[in-house]
Amino acid sequence: MRTDPADWRPRDIDDLEPAAWDALRAGTASVTAGPGAGKSEFLAQRAGFLFETGLCRPPQQILAISFKRVAAANLRRRVRTRLPEHVDRFASMTFDAFTKSIVDRFKDLLPPAWTMSGSYRIGFANQAEVRDFLGNLAVAAPEGFRSGVYGIRQNEFINNLVGPYELEPEPREPTTAVDYAVQQWWDQKYRAHDVPTVDFVMLNRLAELIIRSSPQLRRALTATYPFVFVDEFQDTTYAQYSFLKSVFARESTTVTVVGDRKQRIMGWAGALTDAFAEFDHDFDAEPFELTWNFRSTRELVELQHRFATRLDADTLPQLSQVASQVGGAPVQIWSFSTTGLEAASIAAWIAADIEQSGRSPADYAMIARQRVADLEPDLAQALTAQGLKLRNDDALVGDLRLQDLLKDDFASLLIGLVRLGATRGGQPQTWREVTTTLTRISPNARNRQAGSITDDTLSHFLAELRSWFAATPLKDATIGQVIDFTDELTETLVDKLTAFVNFDNIAQKRVLADRPEDLAVTLNAFKIRLANVLQHVESWDQVAAAFIDDEAVPLLTIHRSKGLEYHTVFFVGLDDDQWWAHARDTIESTMAFFVGVSRAAERLIFTQCDQRGSTNNITDLYEVLNQAQVPYVRMG
Ligand SMILES: Nc1ncnc2c1ncn2[C@@H]1O[C@H](COP(=O)(O)OP(=O)(O)OP(=O)(O)O)[C@@H](O)[C@H]1O
């Protein structure tokens with residue numbers, strides 16, 4: 001049943017601000033807004049609007065592009081909970097996954113001069129490789145290009161020059177030094193090899209060429225995806241923007257981009273300086289600016305605004321929609337002599353606050369500029385002393401960061417099966433999530449019967465798993481010790497799980513990951529974490545909780561905290577040790593600071609520690625905090 005656009009109402013939230021309503025109903029639009037304005041939420045609601053009013057009707061889909069896997073998964077999750085009946089038509093993926101899938105599926109459409117004979121490898125040229133390439137090229141370059149090639153900055157070459165360069169179906173004579181250098185790059189890195197090594201910038205360029213060379217494919221893509229969303233648009237790179245423009249800047253596609261210029265923290269990775277201005281111009285987009293803040297209280301929004309105006313003097317004041325629930329000074333700076341004292345004070349404070357408020361440890365976060373591994377030992381020890389746990393979301397598990405593993409749909413499916421097998425009933429949410437994912441990957445997914453078939457097969461498998469768990473105790477009952485053959489157990493369990501979900505089949509079908517290799521990487525990370533968990537738990541019913549570890553206080557970098565929110569944030573290490581590069585690129589560094597500050601909903605505590613060094617590099621940040629009269633507390 002279709003809803004009349006005039007009668008459509010958002011789901012799960014009371015309302016949207018007036019500018020968001022206008023943007024929701026508009027055509028191609030750019031929506032800019034500060035942190036907590038509900039940009040991702042806006043996209044989820046717009047998806048609902050398009051699906052439920054029939055503006056996007058089957059088999060049409062919405063293509064939602066994010067930059068990080070976690071952001072893509074978050075957006076998909078929001079749509080799945082609100083609109084389960086439409087989620088199959090919401091293709092939420094990363095930019096890199098999308099362009100790579102085009103190359104993988106359609107590389108036969110490459111023009112003859114670019115034919116890829118077999119497969120390719122993914123690899124990234126490091127700075128030294130680029131420097132050597134440019135150095136050698138400058139020597140060998142024709143006279144007319146030599147000084148131009150010398151002038152190319154090595155750290156901008158890949159992102160800013162190879163990135164936006166449109167490949168010619170039939171390479172032509174270079175006319176500038178940049179043409180020459182980029183063409184040579186392709187000759188040496190791609191055309192000279194049977195199995196070339198390419199990075200995501202090159203894959204993006206190949207994908208763009210494939211689509212440009214095949215009007216039929218372009219028509220098919222634009223017919224499948226008449227609506228395209230891009231989240232965190234401020235982080236769009238030159239290559240990505242050029243791709244978007246080449247493929248979707250036409251009347252038949254409605255593109256909605258959302259983001260915040262002041263949270264552009266991917267400049268180092270080649271983000272455009274002002275992607276919004278280019279977009280508004282090239283796509284003839286209608287710009288909207290949102291000013292409500294649904295995350296943070298008034299005091300925090302006012303502090304954010306002080307930093308926002310440092311980054312963009314014209315930033316409109318944001319209006320907090322959140323009433324404060326905490327007393328006392330919501331923002332403070334705590335100063336310490338030693339890191340041990342700092343960790344102990346943070347841990348004791350969190351423990352006391354949990355005790356008195358009933359909040360969960362996951363409502364708190366410890367965020368730092370970088371190198372959180374340096375901070376982890378002291379903080380973990382101090383939290384343990386308080387009966388709490390720390391979870392380092394930046395920790396590497398195989399080739400994945402823990403945060404990415406825990407948010408991954410495939411890993412969630414596997415651990416969900418373990419949870420259901422190890423407990424007898426009483427897990428309705430896990431059951432629902434597992435059956436939804438199984439239905440997605442089932443060959444009969446579109447069949448009405450699929451649900452019940454899945455239920456039966458699942459029950460059967462869980463009964464088997466339950467017997468195996470019962471026959472394989474994790475603790476030796478006679479000596480009361482945890483059994484130490486975790487690798488073997490991990491292999492056996494993972495074999496059972498992957499056989500049940502038919503791993504090879506789902507990898508090839510690209511349902512849970514856009515690339516079969518991604519699924520293999522996730523599976524490997526899953527095994528590593530599972531093996532680790534099995535060493536520390538005593539019974540199977542503890543495994544899933546220990547794996548997910550969501551009753552822990554997260555420690556993470558600012559980059560990893562992007563898009564997330566916590567009741568109370570400890571901004572650890574407001575000192576030169578963490579902020580050593582602040583003076584190098586003060587604007588980008590202030591943007592990172594702004595991202596960190598704006599994760600807090602109600603309380604924000606900065607910490608500084610003499611043992612880590614001085615604060616000379618970041619006097620400008622302290623100046624703003626002083627102007628805001630943030631209390632400075634010497635804790636000893
Ligand atoms: N219209 C709304 N009504 C009530 N709550 C909302 C609304 N829009 C968003 N929220 C809530 O406000 C919070 C911030 O939303 P969201 O994460 O979408 O913000 P954002 O603009 O993407 O923030 P950031 O730029 O910091 O990542 C979330 O908890 C979200 O559920």
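## Ligand shell

The shell around the ligand divides into 6 nonpolar, 6 polar and 6 charged residues; here Ala, Val, Leu, Ile, Met, Phe, Trp, Tyr, Cys and Pro count as nonpolar, Asp, Glu, Lys and Arg as charged, and the others, Gly among them, as polar. Of the 18 residues around the ligand, those that come nearest are Pro35, Gly38, Lys39, Glu41 and Phe294. A residue is near a molecule if its C-beta atom, placed from the backbone, lies within 6 Å of it. Helix α2 (39-52) and strand β9 (292-297) each supply at least two residues of this shell, and α2 gives the most, with 3 residues. Helices (H or I, at least four residues) and strands (E, at least two) are DSSP runs, numbered from the N terminus.

This is a predicted model, in which local features need pLDDT of at least 70 and side-chain atom pairs count only at pLDDT 80 or more, while totals for chains, interfaces and linings use all residues. Residues are numbered from 1 along each chain as its sequence is written.

## Annotated binding site

An unreviewed UniProt entry lists Ala33, Gly34, Pro35, Gly36, Ala37, Gly38, Lys39 and Ser40 under "binding site". UniProt positions are given in the numbering used here, feature names are shortened, and annotations may be inferred rather than shown by experiment.

Ala33 is part of strand β1 (residues 29-33) and counts as buried because it has 24 C-beta neighbours inside 10 Å. The cut-offs are 20 or more other C-beta atoms within 10 Å of a residue's own for buried, 12 or fewer for exposed, and partly exposed in between, with C-beta atoms placed from the backbone. Leaving out residues up to four places away in sequence, Ala33 touches Lys39, Asp260, Glu289 and Leu290; contact requires C-beta atoms, placed from the backbone, within 7 Å. Pro35 sits in the loop between β1 and α2 and is also buried, with 25 C-beta neighbours inside 10 Å. Beyond its neighbours within four places in sequence, Pro35 is in contact with Asp260, Gln263, Arg295, Gln304 and Ser598.

Asp260 belongs to the loop between β7 (254-259) and α12 (275-282). With 28 C-beta neighbours inside 10 Å, Asp260 counts as buried. Its contacts, not counting residues up to four places away in sequence, are Thr32, Ala33, Gly34, Pro35 and Gln234. The C-alpha atoms of Asp260 and Ala285, 25 residues apart along the chain, are separated by 16 Å.

Gly48 is a residue of helix α2. Gly48 is buried, with 23 other C-beta atoms within 10 Å, and touches Pro10, Arg11, Arg82 and Leu83, again not counting residues up to four places away in sequence. Between the C-alpha atoms of Gly48 and Asp577, 529 residues apart along the chain, the separation is 46 Å.

## Helix α8

Helix α8 (residues 177-191) has 15 residues, which at 1.5 Å a residue should span 21 Å; the end C-alpha atoms are 20 Å apart, which agrees. The expected span is 1.5 Å times one less than the number of residues in the helix.

The buried residues of α8 are Ala177, Tyr180, Ala181, Val182, Trp185 and Trp186. They pack against α5 (127-140), α6 (143-150) and α7 (154-162). An α-helix has 3.6 residues a turn, so residues three or four places apart point the same way.

## Backbone exceptions

Most residues other than glycine have a negative phi, and most peptide bonds are trans. A cis peptide bond joins Pro58 and Pro59, with omega about 0°; Pro59 is found in the loop between α2 and β2 (62-66).

Arg371, not a glycine, has a positive phi of about 40°. Arg371 lies in the loop between β12 (364-368) and α15 (372-385) and counts as partly exposed, with 14 C-beta neighbours inside 10 Å. Asn502 has a positive phi near 60°. The loop between α20 (486-501) and α21 (503-509) holds Asn502, which is partly exposed with 14 C-beta neighbours inside 10 Å.

## Overall fold

The protein has 26 helices and 21 strands. Its radius of gyration is 26 Å, close to the 26 Å that the globule rule gives for 636 residues, so the protein is as compact as a globular protein of that length. The radius is taken over C-alpha atoms, and the globule rule is 2.2 Å times the number of residues to the power 0.38. Along the principal axes, the C-alpha atoms fill a box of roughly 75 × 65 × 60 Å.

Of the 636 residues, 44% count as buried. Among contacts between residues at least 6 apart in sequence, 80% join residues at least 24 apart.

Key
Contact = placed C-beta atoms within 7 Å.
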